[in-house]
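Subject: Structure for your attention

Dear colleague,

Please find the structure below, together with its sequence. The notes that follow set out what was found in it, and I would be grateful if you read them with the structure open.

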Amino acid sequence: MNRMTPQILCVAALVLQVLGTGLCSTVVAADQAGRIQPWSQDARFWQYQGQPVLLLGGSKDDNLFQIPDLQQHLDEMAAVGANYIRNTMSDRRDKGFELYPFKRATDGKYDLDQWDETYWQRFDDMLRWTGQRGIIVQIEVWDRFDYSRDNWEPHPYNPKNNINYSYEQSGFAEHYPDHPGRNKQPFFFTTPKQRNNRVVLPYQQRFVDRLLCHSLAHGHVLYCMDNETSGEEAWGAYWAEYIRRRAKEAGTQVCVTEMWDAWDLKSEEHKRTLDHPERYDFCDVSQNNQKKGQEHWDNFQWVRQHISGQPRPLNTVKTYGADGGRFGDNRDGLERWWRHVLGGAASARFHRPDSGLGLSEPAANSLRAARKLETLIKLWEVEPANELLSQRETNEAYLAARPGVAYALYFTNGGSVGLDLRKAIGSLDVRWIDIGTGDWGRRERIQGGAVVTVTAPASGHWVAAIVKSDSTQ
């Protein structure tokens, strides 16, 4: 279990001293060598505490810092091998326990110059508790759904709900009934290269400053500017630069990205991130999880190739698909998660119910299965290698391999394929893992030096770790 050092605790206390100004003006001495950052030996993956790490997760909510049973939920995650959460700074009150970050007066009006300290204590607790458990936090600073339709009506930024500005001064309208994907909300046009809104932008900056005053003392935090935005490029670029600059002023470094809404990873929208390594340290390609089957795999592989000149981690913080949801069923969710894990993703997390499997039993069993696989094959030591498979039906099986040494073979629903083992001389152990239960399955031994037929033990989701016999643990 990773605990904050006395040095970091001291720094965190110093940071809190400047909260009254809203600025993080003190130096944060978080351990730079140990912080989450692209792995020094392969920048497509993450390292934490100086060691490569595969980020895997699933949780029951997105603005996780607000849930009342957070410590228990984090323990449940850690127990099944999860080390990665999504934490939106969202405050929409859809479950009843959420708070806004601003202080509310007795007349019901908010003052954007004053804080609701309980909101920020919840955030600070989440950072501390995840750090203690070695769980990486991917923050989303802005969520477009907070500022449109029913969520806008009670929001503190809505002029009718605060004492700080009027509709005329802010440029806001009383109602925004359209889906936020239509990008009609002026909240996302405030930056200098957009509409340069000098009334609202300082309050947005103040919010981000307060966020950073808590988070910069922690080395286990990643920063994503938005949730599946379709906004202008200038918006995300501004906040990425702003957060990076604030971190530098505080004596630390951070990794930032943007999450675009387009389902097609080849779109021009995604190239705003993929083609700008100088701005974005990693890429979140979660919207690929709107795709299915072979297309889902192929599009992700296209991205890996596209950024191969300047490789960075590819994160998938939202894996859609759960029975009863709108984005596919349980099978879709499991397949998508496993295709990304074997396909070279740096992170994979099940989205919250009912859009995803959260930390339900199927998700927890997949996490257990993946960690069992990791005891035999480190996923950063193998490459996607479907070309080594033959007699394969579309979407039947997927492979990651280090030819001659290790092969991780995933079956979506049982099946049988030919596996090219001509570079593997001698015998290999096959360790089956039942993804449906998270348990070890049968153990076999096969001979290398030829194309060998490999058959899953039964229908359902299975993964096999095929390794040289003398390297089996």
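K160 has a relative accessible area of 29%, so this residue counts as partly exposed. Please bear in mind throughout that the model is predicted. K160 sits in the loop that joins helix 4 (149-152) to helix 5 (167-170). Apart from its neighbours within four places in sequence, K160 is in contact with K109, E153, Y167 and E174. G328, by contrast, is 168 residues from K160 in sequence, and the two C-alpha atoms are 39 Å apart in space.

Is L99 buried or exposed? Its relative accessibility is 18%, and because the cut-off for a buried residue is under 20%, L99 counts as buried. If residues up to four places away in sequence are not counted, L99 touches Q66, D91, R93, D116, T118, Y119 and R122. One of these, Y119, lies 20 residues from L99 along the chain, with 6.0 Å between the two C-alpha atoms.

I turn now to the helices. Two packed helices are described by the angle between their axes and the distance between the axes.

The axes of helix 6 (residues 201-215) and helix 7 (residues 233-249) come within 11 Å and cross at roughly 45°. Helix 6 is therefore oblique to helix 7, and the crossing is right-handed. On the side of helix 6, the contact is made by L201, Q204, Q205, V208, D209 and L212; on the side of helix 7, by W235, Y238, W239, Y242, I243 and R246.

Helix 7 itself has 17 residues, which should span 24 Å at 1.5 Å a residue; the C-alpha atoms at its ends are 25 Å apart, so the two values agree. Its buried residues are W235, G236, A237, Y238, W239, A240, Y242, I243, R246 and A247. What do the buried residues of helix 7 pack against? Their partners are strand 8 (136-142), helix 6, strand 9 (221-226) and strand 10 (256-257). Just after helix 7, G251 takes a positive phi of about 80°.

Helix 9 (residues 293-306) and helix 10 (residues 330-343) form another packed pair, with an angle of about 30° and axes 10 Å apart. This angle makes helix 9 roughly parallel to helix 10. Here too the crossing is right-handed. Helix 9 contributes G293, H296, W297, F300, Q301 and R304 to the contact, and helix 10 contributes R336, R339, H340, L342 and G343. These residues divide into three nonpolar, five polar and three charged.

Helix 10 has 14 residues and reaches 20 Å between its first and last C-alpha atoms, close to the 20 Å expected at 1.5 Å a residue. Helix 10 is mostly covered, with 12 of its 14 residues buried. Among them are D332, L334, E335, W337, W338 and V341.

Finally, helix 11 (residues 361-376) has 16 residues and reaches 23 Å from its first C-alpha to its last, close to the expected 22 Å. Its buried residues include A363, N365, L367, R371, L373, E374 and L376.

Yours sincerely,
A colleague

Notes. Residues are numbered from 1 along each chain as its sequence is written. This is a predicted model: local features need pLDDT of at least 70, side-chain atom pairs count only at pLDDT 80 or more; totals for chains, interfaces and linings use all residues. Side-chain values use heavy atoms; hydrogens and water are left out. Helices (H or I, at least four residues) and strands (E, at least two) are DSSP runs, numbered from the N terminus. The expected span of a helix is 1.5 Å times one less than its number of residues. Buried means under 20% relative accessible area, exposed over 50%, partly exposed in between (1.4 Å probe, protein chains only). Axes are lines fitted to C-alpha atoms, for helices over the stretch in contact, and angles run from 0 to 180 degrees between N-to-C directions. Angles under 35 degrees count as roughly parallel, over 145 as roughly antiparallel, 65 to 115 as roughly perpendicular and the rest as oblique. A crossing is left-handed if the near helix is turned anticlockwise from the far one by less than a right angle, and right-handed if clockwise. Contact means heavy atoms within 4.5 Å. Ala, Val, Leu, Ile, Met, Phe, Trp, Tyr, Cys and Pro count as nonpolar, Asp, Glu, Lys and Arg as charged, and the others, Gly among them, as polar.
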